[in-house]
Amino acid sequence: MILEAKRLGFYVAILDPTPNCPASSISDHHVVAAFDDPAAYIELAKHVDVITYEFEHIHAPVLEQLERAGHTIYPSVASLKTIQNKYTQNQALEAAGVPVPRFAKVESVDDIRHWGAPANFGYPMMLKATLGGYDGKGNALIRDEAEVETAFESLGGGARELMVEEFVDFTVEISIIASRGIDGSRVIYPVAENHHRNSILDTTIVPARVSPEAMEKASAIADRVMEVFQGVGTFCAEMFVTKSGDVSVNEVAPRPHNSGHYTIEGCFASQFENHIRAIVGLPFGNVDLIHPTVMVNLLGESDGKTELLGLHESYRQDRSLKVHLYGKESSAKNRKMGHFTVVDATVEGAIQKAEQAKTQLRVIGV
């Protein structure tokens with residue numbers, strides 16, 4: 001986002017607790033403070049005309065105060081607060097007629113057993129923390145009644161707000177990036193096909209290998225999601241596609257998303273560029289796919305000082321390869337350290353190139 005803002009000549013201030021965070025080297029001003037420090041938010045607001053955010057686990061009440069004091073915040077704090085909580089997020093979507101898995105709030109193991117009954121959701125069933133979860137953290141799959149207590153305890157049941165969701169027997173996970181402007185105008189990116197490993201996004205393939213009907217349903221749902229939250233900026237809607245072709249929303253993120261990184265090389269205007277355009281009131285750039293694109297996350301394999309292996313060999317192998325290393329000084333196992341994209345005339349060709357690069361590119365800690 002900062003790179004796109006700087007390309008248009010904007011001054012950028014950031015709030016991040018890490019002194020040498022990736023954004024610090026390209027920002028004009030850095031407030032070094034915790035994400036739950038109210039004074040830091042007030043300090044940040046003094047330096048800018050528009051406030052935005054790139055992840056949702058932040059201090060909404062302080063942003064609400066700033067909004068009431070006249071500061072411009074996009075996406076709106078109202079949409080952030082609704083989306084931050086998975087239960088209220090599902091409520092808002094369901095009320096608007098957007099398809100979501102059946103869900104219910106739970107406070108005890110007896111509540112979970114109630115919803116696990118064959119007359120209700122049955123097993124398997126997903127148990128989720130309503131706040132703070134990402135990359136599989138805060139989720140627990142309950143396969144049968146014997147796993148109820150363990151799952152409840154693992155997510156801090158009793159001290160943490162939890163919900164259950166019916167298990168969707170999906171064939172593929174997809175996502176759609178969409179951007180909405182201050183004037184209500186919207187653009188919808190192509191449907192992306194996502195593959196996870198250990199609940200962390202591993203690979204995104206665009207265009208998704210789903211039926212035209214599923215693509216049409218997903219695009220319509222993404223458009224409706226943008227209308228529901230009235231957000232300004234770039235959002236992501238993650239969805240499930242079932243064998244019968246049904247499409248339902250898994251989660252919504254009020255920000256540019258990992259599964260949308262393919263747009264940097266794959267589309268004329270990336271999700272980051274259109275986010276900046278949205279929050280400053282500029283018309284959107286073209287979101288058409290230029291060529292089939294595959295994005296693969298580079299996860300840390302070990303702890304220590306970050307080192308990327310295999311760059312020379314992989315660049316020599318494929319001239320379409322683009323490697324993005326985020327500048328995180330320390331590697332940690334399964335930490336997102338960067339990603340790469342490859343393009344080709346066909347989806348199959350791009351997948352083949354990505355598989356080759358996966359064998360060469362590695363991030364380790366030394």
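Tutor: Let's start where two helices touch: in helix 5, Q89, A92 and L93 meet V225, V228 and F229 of helix 8. Keep in mind that this is a predicted model.

Student: How are two packed helices described?

Tutor: You give the angle between the axes and the distance between them. Here, helix 5 (residues 86–95) and helix 8 (residues 212–229) pack at about 110 degrees, and their axes are 10 Å apart. Angles of 65 to 115 degrees count as roughly perpendicular, so helix 5 is roughly perpendicular to helix 8. Helix 5 also passes helix 8 in a right-handed crossing.

Student: Where do nonpolar side chains tend to be in soluble globular proteins?

Tutor: They tend to be buried together. In this model, the largest nonpolar core has 28 residues, and those with the most contacts inside it are L93, I174, V225, M239, V249 and V252.

Student: Which elements give two or more residues to this core?

Tutor: They are helix 5, strand 9 (170–180), helix 8, strand 13 (233–242) and strand 14 (247–253). Helix 8 gives the most, with seven residues. Another core lies apart from this one; it has 23 residues, among them C21, V206, C267 and M295.

Student: And L93, what is it in contact with, leaving aside neighbours within four places in sequence?

Tutor: L93 is in contact with V98, V100, V225, F229, V249 and V252.

Student: Let's move on to the backbone. Which residues does a cis peptide bond join?

Tutor: P75 is in the loop between strand 4 (72–73) and helix 4 (77–84). A cis peptide bond also joins Y123 and P124, with omega about 0 degrees. You'll find P124 in the loop between helix 6 (109–116) and strand 6 (125–129).

Student: Which residues have a positive phi although they are not glycine?

Tutor: Take S199: its phi is near 70 degrees. S199 sits in the loop between strand 11 (192–197) and strand 12 (200–206). Then there is Q230, with a phi of about 50 degrees, in the loop between helix 8 and strand 13.

Student: How accessible are S199 and Q230?

Tutor: S199 has a relative accessible area of 45%, so it is partly exposed. Q230 is partly exposed too, at 41%.

Technical notes: Residues are numbered from 1 along each chain as its sequence is written. This is a predicted model: local features need pLDDT of at least 70, side-chain atom pairs count only at pLDDT 80 or more; totals for chains, interfaces and linings use all residues. Side-chain values use heavy atoms; hydrogens and water are left out. Axes are lines fitted to C-alpha atoms, for helices over the stretch in contact, and angles run from 0 to 180 degrees between N-to-C directions. Helices (H or I, at least four residues) and strands (E, at least two) are DSSP runs, numbered from the N terminus. Angles under 35 degrees count as roughly parallel, over 145 as roughly antiparallel, 65 to 115 as roughly perpendicular and the rest as oblique. A crossing is left-handed if the near helix is turned anticlockwise from the far one by less than a right angle, and right-handed if clockwise. Contact means heavy atoms within 4.5 Å. A nonpolar core is a set of buried Ala, Val, Leu, Ile, Met, Phe, Trp, Tyr and Cys residues joined through side-chain atoms within 4.5 Å. Buried means under 20% relative accessible area, exposed over 50%, partly exposed in between (1.4 Å probe, protein chains only).
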